[in-house]
Amino acid sequence: MLKIAYSEIFRYSVPEKHRFPMQKYTMIPERLLAEGIITQANFFAPKKLSEEEILTTHTTEYWHKLKTQTLTAKEARPIGFEMTPTLVDRGRYIAHATYECALYAQQYGVAMNVAGGTHHAFADHGEGFCVFNDVCIASNLLLARGQAKKILVVDLDVHQGNGNASIMADEPRVFVFSMHGAKNYPFRKQISDLDIELATDMEDTEYLQILADTLPRLITEFAPDIIFYQSAVDVLATDKLGKLALSQEGCKARDEYVLRHAKAANIPVAIVMGGGYSEDIEDVVEAHCNTFRLAQQIFFDEASSNSN
Ligand SMILES: [Zn+2]
């Protein structure tokens, strides 16, 4: 069964001026349910990350400031949200959800977080709407608990996962692959295990070719036992922040490529959402829903029809 992490706290509303479209967290599950792609049984309510789990990845000082709400204005500003206890809690649920998705992916082949992909959070600070780094925390927990030995991060958000690159810089068991806009935030990039910088206004064909030239080789050479896939939809031409020019079909083809390769290689894939900032929220929701539809189709519908 396609397990999907979802919690009421994901819906936390932030003022309009933050530009972060929180409505998508409500709209994605509602649409998938309405279409009958999934039922309530697909959802699971994630647990909350413990302090001990946070400290596998984040510094004691940063966590203390979050916990006591004592980030200075200068420290809080790059995050882009006004810090509240609820927002910190929200981040804890989201990060634990990503870890639980990894465990479900090991069981079912794939699992998805309706949120997550907070790849701009560093060990000692947050930025770019990211408080905790969910994929790094989940990776550190899997490694520490003997639940994975080699982890591949496939980050196809249009923004570089600078937090992932920084946190995993000295961790050879986690390979961070990021494909992102060369001329996009973060303007001072970190060094991932593999960074591919994309030209502004790149379209479907060229983008998909680069992915096809890279991903199969990475999977063969690194031989991960799990993949975290950040399936952000800020690669769309309609995105206000993205600077690339993928169509809805191109974005869907990207997801299909990643999912089919992971499945063919028999590597579990845990999917996190990442960004999406199209003017029309409909473009964001539709593109994210495609990822869920594909996961259901490729890992479950096709698999059962083949065995019949
Ligand atoms: Zn992004």
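Pro186 lies in the loop that runs between strand 5 (174-181) and strand 6 (194-198). In this predicted model, the peptide bond leading from Tyr185 to Pro186 is cis, with an omega near -5°.

The zinc ion comes next. Its protein donors are two OD atoms of Asp157, ND1 of His159 and an OD atom of Asp234, at 1.9 to 2.8 Å from the ion. Along the sequence, the spacing of these donor residues is D-x1-H-x74-D. What arrangement do the four donor atoms form around the zinc ion? The arrangement is irregular, because the angles they subtend run from 51 to 154°. To count as tetrahedral, four donors need all angles between 85 and 135 degrees. For comparison, the ideal angle for four tetrahedral donors is 109.5 degrees.

Two helix pairs can be followed in turn. Helix 5 (residues 85-108) and helix 6 (residues 134-144) have axes that come within 8 Å and cross at roughly 50°. The two helices are therefore oblique to each other, and helix 5 passes helix 6 in a right-handed crossing. On the helix 5 side, the residues that meet helix 6 are Ile94, Ala95, Thr98, Tyr99, Ala102 and Leu103. Their counterparts in helix 6 are Asp134, Val135, Ile137, Ala138, Leu141 and Leu142. Sorted by class, this contact of helix 5 with helix 6 has ten nonpolar residues, one polar and one charged.

The other pair is helix 8 (residues 204-222) with helix 9 (residues 248-264), whose axes are 10 Å apart and which pack at an angle of about 10°. Helix 8 and helix 9 are therefore roughly parallel to each other, since angles under 35 degrees count as such. Helix 8 contributes Asp204, Tyr207, Leu208, Leu211, Ala212, Leu215, Pro216 and Ile219 to the contact, and helix 9 contributes Gly250, Ala253, Arg254, Tyr257, Val258 and His261. By class, the contact of helix 8 with helix 9 has ten nonpolar, two polar and two charged residues.

Helix 8 also holds Ile210. Which residues does Ile210 contact, leaving aside its neighbours within four places in sequence? They are Met179, Ile196, Leu198 and Met202. Ile210 and Leu198 are twelve residues apart along the chain, and their C-alpha atoms are separated by 9.3 Å.

Technical notes:
Residues numbered from 1 in each chain as written. Predicted model: local features only at pLDDT ≥ 70, side-chain atom pairs only at ≥ 80, totals over all residues. Heavy atoms only, no water. Axes fitted to C-alpha atoms, helices over the stretch in contact; angles between N-to-C directions. Helix = DSSP H or I, 4+ residues; strand = E, 2+ residues; numbered from the N terminus. Parallel < 35°, antiparallel > 145°, perpendicular 65-115°, else oblique. Left-handed = near helix turned anticlockwise from the far one by under 90°. Contact = heavy atoms within 4.5 Å. Nonpolar A, V, L, I, M, F, W, Y, C, P; charged D, E, K, R; others polar. Donors = N, O, S within 2.8 Å, 3.2 Å for Na, K, Ca; no water. Tetrahedral: all angles 85-135°; square planar, octahedral: opposite > 155°, others 65-115°.
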